[in-house]
Amino acid sequence: MTDPTGVRSPKAARTKDRAATAVLAAIVFAIVVMLVVVVGHVVASGAGKLVDLSFLSGKPEQFKAGGGIGPEIFNSFYLLLLTLLISLPISLLAAVFLTQYLPEGPVARVAKTAIETLSSLPSIVVGLFGMLAFVLSAGWGFSILSGALALTMFNLPILVRVIQQALEAVPRTQRDAALALGLTRWEATTMILIPVAMPAIVTGVIISAGRVFGEAAALIYTAGQSAPTLDFLNFDLSSTSCPWNVMRPAETLAVHIWKINSEGVVPDLSAVSAGTAAVLMVCILAFNVIARLVGRALERRMTAA
Amino acid sequence: MSRNLSRRQFVSTAGALSALFALGACTTGGGRPGPSDPAAARLSGSVVAVGSTALQPLVEAAAEQFMADNPGVQITVQGGGSGQGITQIHEGSVQIGNSDVFAESKLDNKEDAKRLTDNKVAVVGMGPVVNSSVDVDDLTLDQLKGIFTGSITNWGQVGGADADIVVINRASGSGTRATFEGAVLKGAKVPDTFTPQEQDSSGTVAKMVTETPGAISYLAFSYFANDLKALKVDGVEPAPENVETNDWTIWAYEHMYTSSAPDEATQAFIDYMLSDAVQGSLVEQTGYIPVSGMRVAVDAEGNVTKA
Amino acid sequence: MALSTTSKRRLERRGQFISGLAVLLVVVLVCTLIFMVCSRGIATFTRDGVPLGSFLTGRTWNPHQSNELGQPTVGALPMVLGSFGVTLLSCAFSLPFALGASIFVVEVAPTFGRKFFRPLVELLTGIPSVVFGVIGLTMVVPWTRSWAGGTGYGILSSSIVLALMIFPTMMSLTADALSAVPDSYRDGSYGLGCTRWQTVCHVVLPTALPGILTATIMGMARAFGEALAVQMVIGNAAQMPSSLLTPASTLTSIITTSMGNEAMGTVYNDVLWSLALILLIMSMAFILLVHLVGRKGSSND
């Protein structure tokens, strides 16, 4: 923080420098305050609901007070799980192809352009495409399957980029050594590169999971805006109340917040909205913290081994 | 249901299999049992109802009761909006399409609407609401028309204290606006120079009117709350009994469209919606007016007939 | 590892094949998406006979009515202006903060930045847009109403909400751009006797300019495409925005509110898809812009 040339610089410049630093510090301070106020406001106004077990596990009410968000919490996690199951293998393979087999050339350029286009698309456009392709054309209706596929489109570019970066960060010497030992590219990738890049991949996947978890615009016209009551003892996969049925409509936490704020008639609307927002926020914060912890733990194990 | 099976060729999931089972089960069921009929236990099938978010709570609550009586029937109720309901029933991809408006007004080709069966399951009354600071209780239909066409701009002109009128209109295309304009403006054109602010969702309108001094808008009866003031029109209270006699003229039907030949489970559910089990209790609880009590009927063109 | 050479080669080929297939799948998906949105979006012009010019410049949005020529009145200008309005305004709100904070954490207090501030800001990136919508409804709208009057719903409130939302993106990318300026540049400047502020103004910022521009464009792209947070606070009035305080609408907000209300294949529905097509084209334009800025930046070096 010492200015090596402070003696020689004119006084005015020094005063200006100090003033600028003060202004910058004030900006940062303002941002921190704003952040704390905003996050604090969301969590605080829903705090009562956050510890209310009947709210967390109950079923939503349509026109009476006292509704819960049990099905919405389950739907959010189930959709996330399905989305990851579909998007993770595809993006892992695509990233391997783009980093190991064809990092350059026209094919790679087309692929990279496509992925970039997908990543820049507004999520509402992805949702509309999902409605057209999965809900209407394929005839799957508003369903978890349609929703998971729409979320996959939204998640793919993020995951491909994260994994690509993780693979590229592995020192080149490690790969060259593996190839020199007579391993094929595929073997070098699966046995050396992916394990080494694992901490970065896991961290990236969990952070992207947070974004999928909170996405709503891509879901309102794909997974639908209704949450059937779930019966966890029902294993009949064709039944709407079976939690695991992928053809049932599923409103998530984020969609629930949007819906009750625009058309809700329940008397305790603002409390339900605040409570749901707080639950969503806490989940997202948890994803972030877990990503950091897991990433660090994996890193430690890798370097220790 | 069988019509769209060919379109589901991609489906290799459990859902598709279940649809097949359900189809098989539908065709083997006998008679047309009502919900209280002992034969109801044999009724089975799966019904998907899509559409109007306003109607969704009522249909969901009714479906829950219906499924308790008929464990063999699966009813899935989804929102998505009236247009989605009409689209999907028109394409035959669902069994019931819920709508706040006549299908004729949503489809460009009016003939398409004729191929659907219209089941009017409830009536929704709507009325003007104002901010609680407004000291006017009653407006004539002409005054209301003046306010919503921009010729009356001050509460003083209609017998209140001197204060600006803040008009909050509904988005064009909303069913509520179509109903309100049909009953109040009666075809009168709004001058292009009058552009009040617009709001789409009922919840937001209620919030805005509550919070903005001098504001006026219109809402379904179910959104009337203590902190809003509902106005009388021509001395008539906005109350269900006045809607039934058509003394209160701002109202509309809630529709559940089916194909012209619905399967058994669907028909049974529609019958249930129109039975006293729903009309007497649930309809009123959700803020609607039972269609069974209506003493007038209105068709898609707006012609009123005594029922 | 004890695989024979032929099975090794087969495994290699199979690996290359399936990973190539994954890439192909992504490319096909993107092409399908673009094709489907385009084919729906142009129906307004090809099937319903709306001239492109009157669609883009029309000031009245009322697709249920026809004008004197018998064409539906589907002027998209109010929404286009609304979208650009909230995008530019939110960027204007966010940029000074993003720039100031980045300079602070890169040039003034790097350890504080790395250990505390940037993780905190990255946390903000993860907050879902509907939560920003709720923040808008419960904090920003009442605040705007009490300070500026009106109903509180409008372009100003949406811009504030969006500014909060795009701040993390802009700040992270800006800070990266500043960090990428080689230390030798700074050392040179200090060696000439410049203060830190002079170094920042005359050396660091000009060098990082392409990166800062990229950050701004990415922020704009995110603001332009955001649907629900905006839809919850803008008021959704499809009319020409007359002030920052009256309800307006954006491309995304009108699509969100109306898509469910209109049946497929009708004029109204077709026009909504045309609005989606504008969104698609704009998001591609933003990428193109990022590439142009990037290329310019590298050729300057």
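In which loop of chain B is B:Asp234 found? The legends below start there and then move on through this predicted model.

**Figure 1. B:Asp234 and its loop in chain B.** The answer to the opening question is the loop between β10 (232-233) and α9 (240-244) of chain B. Have a look at the backbone here: B:Asp234 is not a glycine, yet its phi is positive, near 50°. B:Asp234 counts as partly exposed because it has 14 C-beta neighbours inside 10 Å.

**Figure 2. B:Asn246, in the loop between α9 and β11 (251-259) of chain B.** This view picks out another residue for anyone who likes to check torsions. The phi of B:Asn246 is positive, about 70°, although B:Asn246 is not a glycine. Is B:Asn246 buried, exposed or partly exposed? With 16 C-beta neighbours inside 10 Å, B:Asn246 is classed as partly exposed.

**Figure 3. Helix α1 of chain A meets helix α9 of chain C.** Two packed helices are described by the angle between their axes and the distance between the axes. Here α1 (residues 11-45) of chain A and α9 (residues 196-225) of chain C have axes that come within 7 Å and cross at roughly 80°. An angle from 65 to 115 degrees counts as roughly perpendicular, so that is how α1(A) lies relative to α9(C). On the α1(A) side, the contact is made by A:Ala13, A:Lys16, A:Asp17 and A:Ala20. Facing them from α9(C) are C:Arg196, C:Trp197 and C:Gln198. By class, this contact of α1(A) with α9(C) holds three nonpolar residues, one polar and three charged.

**Figure 4. The contact between chain C and chain A.** Which helix gives the largest share of the side of chain C that touches chain A? That is α1(C), with 19 residues. The side of chain C that touches chain A has 44 nonpolar residues, 17 polar and four charged.

**Figure 5. The contact between chain B and chain C.** Here 23 residues of chain B are in contact with 23 residues of chain C. On the chain B side, two or more residues come from each of α3 (82-90), β7 (197-199) and α8 (202-211). Of these elements, α3(B) gives the most, with six residues. The side of chain B that touches chain C divides into four nonpolar, 14 polar and five charged residues.

**Figure 6. Chain A, a chain of helices.** Chain A has eleven helices and zero strands. The radius of gyration of chain A is 24 Å, well over the 19 Å from the globule rule for 305 residues, so chain A is more spread out than a compact globule. Its C-alpha atoms fill a box of roughly 75 × 65 × 40 Å along the principal axes. Buried residues account for 51% of the 305 residues in chain A. Of the contacts in chain A between residues at least 6 apart in sequence, 75% join residues at least 24 apart.

**Figure 7. Confidence in the model.** Chain C has a mean pLDDT of 89, with 97% of its residues at 70 or more.

Terms used
Residues numbered from 1 in each chain as written. Chains lettered and ligands numbered in written order. Predicted model: local features only at pLDDT ≥ 70, side-chain atom pairs only at ≥ 80, totals over all residues. Axes fitted to C-alpha atoms, helices over the stretch in contact; angles between N-to-C directions. Helix = DSSP H or I, 4+ residues; strand = E, 2+ residues; numbered from the N terminus. Parallel < 35°, antiparallel > 145°, perpendicular 65-115°, else oblique. Contact = placed C-beta atoms within 7 Å. Nonpolar A, V, L, I, M, F, W, Y, C, P; charged D, E, K, R; others polar. Rg over C-alpha atoms; globule rule 2.2 N^0.38 Å. Buried ≥ 20, exposed ≤ 12 C-beta atoms within 10 Å, placed from the backbone. pLDDT = per-residue confidence, 0-100.
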